[in-house]
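Visitor: Hi, I've got a structure open here and would like to talk through some side-chain contacts. Could you walk me through it?

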Amino acid sequence: MLGATGSVGLSTLAVIRRHPGRFRVAAMSGHRSVGRLERLAAEFGAREIAVADPAALSDRPDLTAAGWRGGPGGVAELAALPGVDVVVNAVVGAAGLPPTLAALGAGKRCALANKESLVAAGRLVLEAAREGGGELVPVDSEHSAILQCIGSARPEEVHRLILTASGGPFRETGAEALKEVTASMALRHPTWDMGAKITIDSATLANKALEVIEAHFLYGLPYERIEVVVHPSSIVHSFVEFVDGSVLSQMGVPTMELPILHALTWPRRPPDPVLRGFDPVELSPLVFEPVDEVRFPLFRLGVNAGRAGGAAPAVFNAANEVAVEAFLTGRVTFFGMAEVVEAVLEALEGRPACNIGEVLQVDQAARRLAAAEVERIGA
């Protein structure tokens, strides 16, 4: 369980609590919340522990002596542990790429909540799965929905994917008013309870652009056959249109626990006492709207980065991470995030990303340029 102390990690552990005897947690990692990680490891019996921020262990020599790993390398080591069948990767951001590659290279099922792995290095991730015999199963609700809808259909039978987006807290906010919104306003998501970074990405629709790139690699469809619609109630998680005109959708109340359970047990469906009870009358009507790329320019920038290929998706992801942190700390405005990302994409246009070294180099270059751009434009 990588990223155990984050929102997806805690949701995963909640699912595991409800299914005693079905799962055993062998290892877990967190970013820097050592105390919480210690309590979770004791509760679930995890014996192999890693903390991504090694500084968090500096005043806990007892944990170092007990074999706790420190640093990103320690997290990647957990992903390849012998005897582990499923690695849930809920690490936030580009830091999740090395454990994804490690898990797939070691032949594990990687239940992937870290979309940045596929965004930054989709081709390399798919190669790692092929060469190592690993299995990639998505945790994102939209991609889990697509997996469930496609079922046993052959790739040539799928015509189009339609991902849904909630529209975030600013779906009905005008462009002028968006210039004045604050981080605290953006963090009030109407339907999902998520961590700060992904909540801001949902407010800008950058998250949906990342999911379009992810869908391209997961399901092998060109970008012109992957679309997005705004669906405020987040009941329909995606549509799949087949070549014969049939359209299937997967529906459910907005909770990450359902796609998490599906990723852990796919292709089986164990009963769950909490997730049942869907009421279509109570949840009606279902509304769908087009995406407004003028008010949400990060969506357009992200999808175009995916279409450009090469290092562009990695550049978009890295620059966006820096821009989101700057917005959260009041250093750039809502639209300033898109300004930062667009400037970095233009500066690093055409960079290659043929191997992990090039991906990491361009990631760091994008972060440096984004930080400089944040200082230049200010809030």
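Visitor: Is Phe334 buried or exposed?
Guide: Phe334 is buried, at 4% relative accessibility. Buried means under 20% relative accessible area, exposed means over 50%, and partly exposed is in between (1.4 Å probe, protein chains only). Keep in mind that this is a predicted model, where local features need pLDDT of at least 70, side-chain atom pairs count only at pLDDT 80 or more, and totals for chains, interfaces and linings use all residues. Residues are numbered from 1 along each chain as its sequence is written, and side-chain values use heavy atoms, with hydrogens and water left out.

Visitor: Thanks! How many aromatic pairs are there in the whole structure?
Guide: Four aromatic pairs turn up in a search of the whole structure. Rings of Phe, Tyr and Trp (its six-membered ring) pair if their centres lie within 6.5 Å; planes under 30 degrees apart count as stacked, over 60 as edge-to-face and the rest as tilted. Phe170 and Phe334 make an edge-to-face pair, with 5.4 Å centre to centre and 90° between the planes.

Visitor: Where do Phe170 and Phe334 lie?
Guide: Phe170 is in the loop between strand S7 (158–165) and helix H8 (175–178), while Phe334 is in helix H15, so the pair ties together parts that are 164 residues apart in sequence. Helices (H or I, at least four residues) and strands (E, at least two) are DSSP runs, numbered from the N terminus. Phe170 is buried too, with a relative accessible area of 4%.

Visitor: Which residues do ring pairs link into a cluster?
Guide: That cluster consists of Phe170, Phe327, Phe334 and Phe335.

Visitor: Switching to charges: how many salt bridges does the count come to?
Guide: The count is 27 salt bridges, each being a side-chain nitrogen of Lys or Arg within 4 Å of a carboxyl oxygen of Asp or Glu. In one of them, the side chains of Glu257 and Arg18 meet at 2.7 Å, N to O. This pair links distant parts of the chain, 239 residues apart: Glu257 is in helix H12 (residues 257–265), and Arg18 is in the loop between helix H1 (7–17) and strand S1 (27–30).

Visitor: And what is Arg18's relative accessible area?
Guide: Arg18 has 22%, which is partly exposed, whereas Glu257 is buried at 16%. A network of salt bridges links Arg18, Glu257 and Asp272.

Visitor: Which residue forms a salt bridge with Glu176?
Guide: Lys179 does, with the closest N and O atoms 3.0 Å apart. Glu176 counts as exposed at 57% relative accessibility, and Lys179 is partly exposed at 43%.
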